[in-house]
Amino acid sequence: MSTPKTPKDVMALMEKEKVEIVDFRFMDFPGMWQHFSIPATVFEEDMFTEGLGFDGSSIRGWQSINESDMLVKPVAETAFIDPFTQHKTLVMNCNICDPITGEDYTRDPRNIARKAENYIKSLGLADTVFVGPEAEFFIFDDVRFDQNEHSGFFFVDSIEGRWNTGRDEGPNLGYKPRYKEGYFPVAPSDSMQDIRSEMVMYMQSIGIPVEAHHHEVATGGQCEIDMRFAPMVSMADSMLKYKYVVKNTARKHGKTVTFMPKPLWNDNGSGMHVHMSFWKDGKNLFYGDGYAGLSETALYAIGGILKHAPALLAFTNPTTNSYKRLVPGFEAPVNLAYSRRNRSAAVRIPMYSNSEKAKRFEFRCPDPSSNPYLAFASMMMAAVDGVQNKIHPGEPLDKDIYDLPPQEAAKVEKTPGTLRGALEALDKDHDFLLKGDVFTPDVIETWIDYKLNNEVLALDLRPHPWEFALYYDI
């Protein structure tokens, strides 16, 4: 299917495919894809410019009840045919607008990413920001969880889980990956090959180029599918489609997917390493003759990322669960340093290829619980700040960080240990995000307030099951 580029292309596609339903989708503030649908018979081309109304007060982190009316305006180039619906459905991502002023809504995550792209172009610094996320996830066979005033628990299960080697499965056929040894085994240890391949086929059918897929390190069905890099807003759009395909393909097979960073204790968590490079006039601005084949611009961009990393994590690692992954060990990138090849550094320069096209840096802290529009935009703004202010990242750290002598290791700055810590860092360090009106003070304040009250404090108030093991008999 060729990708539509204009409203007329969309109308032609609808006629060709005999579309029955048109589905309008947008991202809420914390990062959940939302939608509503109308019959194709009432869809008109002027809806691309006029938009459709909806209640913004019912969306998390958005309007108050007395300012609830908002507009969605579909974006033609995001259109695709949904591969999972019974009735032929055309899906489009939407931008959110104020119905009175017609202006783009400041808390619309897609709008923030669009403004970030426009900002770097307005500076004359670059005309394209390429982004390549590597999102990991778990495919489970069962999940149960609950918490109330007198009880709380979670239970996940997987046919691949090492914990099930002794279970009577009538018969148990074994081949369950050992803890931390799930990386790249062939079938039957990797039982997810076919389901991942099906996910890839669906992704390609809706316009997402895929480069590879494989089993990941953890037991219990941890997987990764890698998309080909793309411009920032387009990649954030693709990230939403990626999650949608992964979750719905799993459900089709009676399985369930989670993008939680740390659903299993004592095994590797799920990250989303993000590769980034700046380009102008067809040239990669990060390619040069410096360390690891980097340009001075690239080193300054890395300096910006490392300087602002504690604040960035409020967007790139935005859940309390994120910080159960960001702990020493498990290849967790908790050290604010950069290196070629060294996967324990927060920023890595991949050395698979030294060609101009392939040169980029990889920020290893982010995880797939993040809102991709906000995560990518905040990363770009930190990198731009590094370039503008010539923030050099210092000397690279090519040693094994975990084997460093204690005195030397203590000199390496660390990521925040909690979401509260990241939010406090964002509160102190966000001026770089406000440049070009990309993030607004209202966005920063609302994000901190929402995360503190709805997630950090909510978790603080509830007893944890392990606290009973530690303290019940004191």
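Asp-437 sits in the loop between α10 (431–434) and α11 (441–460), where helices (H or I, at least four residues) and strands (E, at least two) are DSSP runs numbered from the N terminus. The model is predicted: local features need pLDDT of at least 70, side-chain atom pairs count only at pLDDT 80 or more, and totals for chains, interfaces and linings use all residues. Residues are numbered from 1 along each chain as its sequence is written, and side-chain values use heavy atoms, with hydrogens and water left out.

- Asp-437 is not a glycine, yet its phi is positive, near 60 degrees.
- With 45% relative accessibility, Asp-437 counts as partly exposed; buried means under 20% relative accessible area, exposed over 50%, and partly exposed in between (1.4 Å probe, protein chains only).
- Lys-18, also a residue other than glycine, has a positive phi of about 55 degrees.
- The loop between α1 (7–17) and β1 (21–27) holds Lys-18, which counts as exposed at 66% relative accessibility.

**Cis peptide bonds**

- Gly-170 and Pro-171 are joined by a cis peptide bond with omega of about 5 degrees.
- Pro-171 belongs to the loop between β9 (152–157) and α4 (193–205).
- Another cis peptide bond, between Ala-187 and Pro-188, has omega of about 5 degrees.
- Pro-188 is likewise found in the loop between β9 and α4.

**Helix α5**

- Helix α5 (residues 232–252) has 21 residues and spans 30 Å from its first C-alpha to its last.
- That span is close to the 30 Å expected at 1.5 Å a residue, the expected value being 1.5 Å times one less than the number of residues.
- Of the 21 residues of α5, 16 are buried, so the helix is largely enclosed by the rest of the structure.
- Gly-254, with a positive phi near 75 degrees, follows α5.

**The whole chain**

- The protein chain has twelve helices and 18 strands.
- Its radius of gyration is 23 Å, close to the 23 Å that the globule rule gives for 474 residues, so the chain is as compact as a globular protein of that length.
- The radius is taken over C-alpha atoms, and the globule rule is 2.2 Å times the number of residues to the power 0.38.
- Along the principal axes, the C-alpha atoms of the protein chain fill a box of roughly 65 × 60 × 45 Å.
- Buried residues account for 54% of the 474 residues.
- Among contacts (heavy atoms within 4.5 Å) between residues at least 6 apart in sequence, 68% join residues at least 24 apart.
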